[in-house]
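Could you walk me through this model in my viewer? I would like to know what to select next and what I will find there.

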There are 2 protein chains.
Amino acid sequence: MKKLQDKILSDGKVLSESVLKVDSFLNHQIDPPLMQAIGEEFALRFKGNGITRILTLESSGIAPAMMTGLVLGVPAVFARKRKSLTLVDHMYTANVHSFTKNETNEISVSKDFIKKEDVVLVMDDFLANGQAALGLLDIVKQSGATLAGIGIVIEKGFQPGGDLLREQGIRVETLAHIASLENGQVTFLAEADIQ
Amino acid sequence: MKKLQDKILSDGKVLSESVLKVDSFLNHQIDPPLMQAIGEEFALRFKGNGITRILTLESSGIAPAMMTGLVLGVPAVFARKRKSLTLVDHMYTANVHSFTKNETNEISVSKDFIKKEDVVLVMDDFLANGQAALGLLDIVKQSGATLAGIGIVIEKGFQPGGDLLREQGIRVETLAHIASLENGQVTFLAEADIQ
C-alpha cells in the first residue's frame, strides 16, 4: 500500500536493524485519514470472504481494526492483555510472549464476542515474531470459528512470524512488508510495491 | 446523544449500583458505526474551538478519539499506561489511580505529540471518579498547550468526577449522562435527553 509505505519513509524512524518507530502515526499518535485508508485497503482485500468479526489486540491494533470493521460493516473485538487473570470465567485465554519486553502476557476475549458461526479476520499493527498473532489464532481455534486470514499493517519480513504463519497455510495480508532496516534505511519487499 | 443512550439501554448490563458493563459495543467489542456517530457528535460540539489534537488514554478511549479526530481532521494521541516507567526521557508523565482496581498507573505521552501551540480536546470512554481525566489534564498542563475541554462518552453522574472537573471551570461534554444505576436500571439525567 503505497500511501502507508510513503508515510513510513517520511515519518518512521529506524532505531536499529530490527526496530522501526512509527509512533507518530500508528501506535502512540494516530493519523485518522491514514487509518481510514488502511481500513479500506483491508476491506478490499478481504471482501467476499464472508467476514463477520474482526479480532485484534489492545492497544495499537484497535485503530486499524475498527476502521476495517467500519468499511466491512462488522464489529471489531480487541483482546485484553494482562499479566495474570483472576477472572477467566466465560473467557478464551492464550499466552503471548513478547521477545522485546521479555515477558509473557495472558490475553483474553469474552466468549460472548467470538462464536463458532463467526468468520474471523485477525488483525494487528505489527508482525515480527508472530507471537501475538499465534495467541489470537489460538483464541479463534478455541471458539470454533472459521479463520478468514490475518491482516497486518507492517510486517518485518526479516523476522520469522510471517513464514511461521504462511507455512501453516494461513492467508496473511500485509500492507507494508519490510525487507530490511539495515544502514538506518527502510527497504520494502518488491511484492509490496504492487498494491 | 439518543443513539448512544438507546444502545446503553438495549445492550448495556447493570452489574451493580455503580457498575455498567458496555463491553459489547464500547470497551471490548467495538461497534464501528456507533463510534462514527460518537465522533460526529463530539466534532459538532467542539467545532469552532480550534482543536489541533485529541488526547486520550489506552485502550478504550482510542476508538471514540480516533473517530472524532477523523471528523475534526486532527490527530489523536493515546497516553500509555504502565506500572512503572524506566524510560521517561522526552515524556510527560502523570499518575492515575484506579479505585476499581485499587492500583496506580503511570501514564505517559511523548513530548513530540503535544506542543504548547496545541489546542487539545481530552477524551475518554468513561468519567466516574475523574482520575484518568485529571492525569490527562496534568499532561496538557505540563505541555503548556491550551485545553479546549473534555469529551466523555459515558458519565456516571452519581460519582464525583464530573463535578470535580466542572468546578474548575472546565468544559465537560458528555454524550450519555447517567443519573443512577439503582434497581438494575439505567436512568439518564434529563439534560442529556436534549441533544
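Strands pair here if DSSP finds at least two bridges between them. Now pick Gln29(A), whose bridge partner in strand 5 of chain B is Val77(B). Helices (H or I, at least four residues) and strands (E, at least two) are DSSP runs, numbered from the N terminus.

A note before you go on: this is a predicted model, in which local features need pLDDT of at least 70 and side-chain atom pairs count only at pLDDT 80 or more, while totals for chains, interfaces and linings use all residues. Residues are numbered from 1 along each chain as its sequence is written, and chains are lettered from A and ligands numbered from 1 in the order in which they are written.

Two residues are in contact if their C-beta atoms, placed from the backbone, lie within 7 Å.

Now move to helix 1 (residues 2-11) of chain A, whose axis comes within 10 Å of that of helix 2 of chain A and crosses it at roughly 145 degrees. Axes are lines fitted to C-alpha atoms, for helices over the stretch in contact, and angles run from 0 to 180 degrees between N-to-C directions. Show Lys3(A), Leu4(A) and Lys7(A) in helix 1 of chain A, which meet Leu34(A), Ala37(A) and Ile38(A) in helix 2 of chain A.

Which residues of helix 1 of chain A are buried? Select Leu4(A), Gln5(A) and Ile8(A); a residue is buried if 20 or more other C-beta atoms lie within 10 Å of its own, exposed if 12 or fewer, and partly exposed in between, with C-beta atoms placed from the backbone. On the other side of helix 1 of chain A, Asp6(A), Leu9(A) and Ser10(A) are exposed. The buried residues pack against helix 2, strand 10 (172-180) and strand 11 (187-188) of chain A.
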